[in-house]
There are 2 protein chains.
Amino acid sequence: MKQALKKGFGKGFKRTPQRLAILNYLEGNTLHPSAEDVYRAVTKKDFPLSFATVYNTLNALAQAGTVRELTIDAERKRYDPNTEPHHHLICLKCRKIIDVFEDVPVGKPKCIEKKFSVFGNHVEFYGHCSACRKKC
Amino acid sequence: MKQALKKGFGKGFKRTPQRLAILNYLEGNTLHPSAEDVYRAVTKKDFPLSFATVYNTLNALAQAGTVRELTIDAERKRYDPNTEPHHHLICLKCRKIIDVFEDVPVGKPKCIEKKFSVFGNHVEFYGHCSACRKKC
DNA sequence: TTCTTAAATTATATTTATTCCAAATTATAG
DNA sequence: CTATAATTTGGAATAAATATAATTTAAGAA
């Protein structure tokens, strides 16, 4: 496992097999899986674990900053193991979410300066992915 | 009621008092209310109506393009009666959502061109609002 | 105006995502 | 090896949202 996902472990953070299995699945995953996706993948591949543990672990990892909780899908939370700031393409047909690691210049509107201090931003691009475009 | 919100009405779309009350609350509202917010506000001000009607109406209006369904809050859907493309500031402390109508130039990353056709985008700015900044 | 009917409202049940709980288990520091 | 705090777990509990089925109603036709 790469360094990136190890950082979740530390004082008072136990290295349990369940957590390792979840982190293992998350490692390098670009599918933006939901809790259920994680549950299904891990129970199939490794060993049974409780749904509650998936939620516990994902919440703990999100708190630790090891994964990012995405609010992109209205129906469920999704998780992104890549915590580098990046943006997303959202296909309006199949709802697939694609990473954009390329740097996207975003202008800072003037109205922000006075009444809001900005730490970061996230751009969602809406459109159709190549697969869905063909189907039209 | 302004033109903007009237457009939801047309063939096969009935002008019921419940819907008018909901539209009336939504008109010019910049609070990005949830279904529950709508329910509370309307039942308090006008007359009792069912929760189901709130959901029905909000879905119908979203379909008709009269309101925009926002996926910004992980816990619940929120609705925006302003359907002009605009962006949002999200306060990481109080979770307040503030509109940005100012034009925000967003660069289009090259990687998109080939595999994705983009129709629009939405920028979320993260930070602290003035009220929360004072409290620090 | 009255009639007709498709559309809308409603209470209630159901589904789905997520959290909470309390008991049993286990990783880790000492 | 032990003690203990953290974790796991099944199941109950919540909460948001949808589905259902019976009743009501807006709006066009007669």
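Q: In this predicted model, what makes up the surface near DNA strand C by residue class?
A: The surface near DNA strand C has eight nonpolar, 10 polar and eight charged residues. Among the 26 residues around DNA strand C, A:R15, A:K77, B:K14, B:T16 and B:A52 come nearest. Two or more residues each are given to this surface by helix 3 (35-45) and helix 4 of chain A, together with helix 2 (17-26) and helix 4 of chain B.

Q: Which helix gives the most to the surface near DNA strand D?
A: Helix 4 of chain A does, with four residues. The elements that each supply at least two residues are helix 2 (17-26) and helix 4 (51-64) of chain A, together with helix 3 (35-45) and helix 4 (51-64) of chain B.

Q: Why are helix 2 of chain B and helix 4 of chain B called roughly perpendicular?
A: Their axes are 10 Å apart and the helices pack at an angle of about 70°. Angles of 65 to 115 degrees count as roughly perpendicular, and helix 2 of chain B and helix 4 of chain B are therefore placed in that class. Their crossing is right-handed. In this contact B:Q18, B:R19 and B:I22 of helix 2 of chain B meet B:T53, B:V54 and B:T57 of helix 4 of chain B, and by class the contact has two nonpolar, three polar and one charged residues.

Q: What makes helix 2 of chain A roughly perpendicular to helix 3 of chain A?
A: The axes of helix 2 of chain A and helix 3 of chain A come within 10 Å and cross at roughly 110°. The class of roughly perpendicular covers 65 to 115 degrees, so helix 2 of chain A is roughly perpendicular to helix 3 of chain A. The crossing of helix 2 of chain A with helix 3 of chain A is right-handed. A:A21, A:I22 and A:Y25 of helix 2 of chain A make the contact with A:V38, A:A41 and A:V42 of helix 3 of chain A, and these residues divide into six nonpolar, no polar and no charged.

Q: How do you know that strand 5 of chain A and strand 5 of chain B pair?
A: Pairing requires at least two bridges, and 13 bridges join strand 5 (residues 116-129) of chain A to strand 5 of chain B, the two running antiparallel. The bridge partner of A:V123 is B:V123 in strand 5 of chain B.

Q: Which element supplies the largest share of the side of chain B that touches chain A?
A: In the contact between the chains, 35 residues of chain B meet 35 residues of chain A. The largest share of the chain B side, 14 residues, comes from strand 5 of chain B. By class, that side has 18 nonpolar, nine polar and eight charged residues.

Q: What makes strand 3 and strand 4 of chain B a pair?
A: At least two bridges are needed, and strand 3 (residues 87-91) of chain B and strand 4 of chain B pair in the antiparallel sense over four bridges. B:H88 has B:D99 as its bridge partner in strand 4 of chain B. The hairpin of these strands has five residues between them, and there B:R95 takes a positive phi near 65°.

How values were computed. Residues are numbered from 1 along each chain as its sequence is written. Chains are lettered from A and ligands numbered from 1 in the order in which they are written. This is a predicted model: local features need pLDDT of at least 70, side-chain atom pairs count only at pLDDT 80 or more; totals for chains, interfaces and linings use all residues. A residue is near a molecule or strand if its C-beta atom, placed from the backbone, lies within 6 Å of it. Ala, Val, Leu, Ile, Met, Phe, Trp, Tyr, Cys and Pro count as nonpolar, Asp, Glu, Lys and Arg as charged, and the others, Gly among them, as polar. Two residues are in contact if their C-beta atoms, placed from the backbone, lie within 7 Å. Axes are lines fitted to C-alpha atoms, for helices over the stretch in contact, and angles run from 0 to 180 degrees between N-to-C directions. Angles under 35 degrees count as roughly parallel, over 145 as roughly antiparallel, 65 to 115 as roughly perpendicular and the rest as oblique. A crossing is left-handed if the near helix is turned anticlockwise from the far one by less than a right angle, and right-handed if clockwise.
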